[in-house]
Amino acid sequence: MNLYDKDDGFRAFRLQEANALLPEIIAATERAVAAIDRIQSHLKGEESKAPWSEPGSIDQETSGVLQQWSEQMVRFGVYPKGYFTVDFKSFVPDTLLCWTYGEHEIGHTHKVYENFKDRVPINDKHLLGFEDSIN
């Protein structure tokens with residue numbers, strides 16, 4: 001059994017469904033990125049009296065933001081991966097739809113046993129739709 005087996009509690013998405021959810025994922029990700037940017041700007045001394053100016057608390061604040069983002073992605077039904085990258089389980093066997101921050105639509109896939117560096121572009125969005133014919 002691997003992480004992406006059918007009984008892992010995550011739903012499978014068709015490409016169109018995943019892209020329909022993407023605006024919510026992008027908005028949540030932009031909020032998390034903005035929060036981390038605020039933490040980093042305080043680190044650079046823009047506000048030396050920041051509440052997280054204690055040693056180690058900057059890392060804790062950043063970790064908290066990333067944890068909240070990850071939990072929100074799980075509630076959306078997608079797999080949080082690394083910094084602001086998510087995978088959607090697809091109906092295509094052993095294939096994940098992949099999105100990362102900065103992209104405006106899902107344009108890549110990779111196999112469940114691969115990772116981000118192995119992703120390949122979706123060249124024909126209609127070809128990926130063959131999952132509709134699988135019973």
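Which residue takes a positive phi in the hairpin of β1 and β2? In that hairpin, which has three residues between the strands, G82 takes a positive phi near 55°. The model is predicted, so local features need pLDDT of at least 70 and side-chain atom pairs count only at pLDDT 80 or more, while totals for chains, interfaces and linings use all residues. Residues are numbered from 1 along each chain as its sequence is written, and side-chain values use heavy atoms, with hydrogens and water left out.

**Strand β2 and its neighbours**

Helices (H or I, at least four residues) and strands (E, at least two) are DSSP runs numbered from the N terminus, and two strands pair if DSSP finds at least two bridges between them. Strand β1 (residues 79-81) runs antiparallel to β2 and is joined to it by three bridges, with P80 having V86 as its bridge partner in β2. On the other pairing, five bridges join β2 to strand β3 (residues 95-100), again in an antiparallel arrangement, and T100 in β3 is the bridge partner of T85. The hairpin of β2 and β3 has five residues between the strands, and there D94 takes a positive phi near 60°.

Five of the five residues of β2 (residues 85-89) are buried, so this strand is largely enclosed by the rest of the structure; buried means under 20% relative accessible area, exposed over 50%, and partly exposed in between, with a 1.4 Å probe and protein chains only. In a regular strand the side chains alternate between the two faces of the sheet. Both faces of β2 are covered, with T85, D87 and K89 buried on one side and V86 and F88 buried on the other.

T85, in strand β2, is buried with a relative accessible area of 9%, and T29, placed in helix α1 (residues 15-43), is buried with a relative accessible area of 0%. Although they are 56 residues apart along the chain, their C-alpha atoms are separated by 9.2 Å. Contact here means heavy atoms within 4.5 Å. Leaving aside residues up to four places away in sequence, T29 touches W69, M73, F84, W99 and Y101, whereas T85 touches W69, Y79, P80, C98, W99, T100 and F116.

| Side chain | Partner side chain | Polar contact |
|---|---|---|
| T29 | W69 | 2.9 Å |
| T85 | T100 | 2.7 Å |

**Aromatic rings**

Rings of Phe, Tyr and Trp (its six-membered ring) pair if their centres lie within 6.5 Å, and planes under 30 degrees apart count as stacked, over 60 as edge-to-face and the rest as tilted. By this rule the count comes to four aromatic pairs. The rings of F10 and Y79 have centres 4.3 Å apart and planes at 25°, so the pair is stacked. This pair links distant parts of the chain, with F10 in the segment before α1 and Y79 in strand β1, 69 residues apart, and both F10 and Y79 are buried. F13 and F88 form an edge-to-face pair, 5.1 Å centre to centre with 90° between the planes. Ring pairs also link W69, F84 and Y101 into a cluster.

Terms used: Polar contact = N/O pair within 3.5 Å; in protein donor to acceptor, adjacent residues only side chain to side chain.
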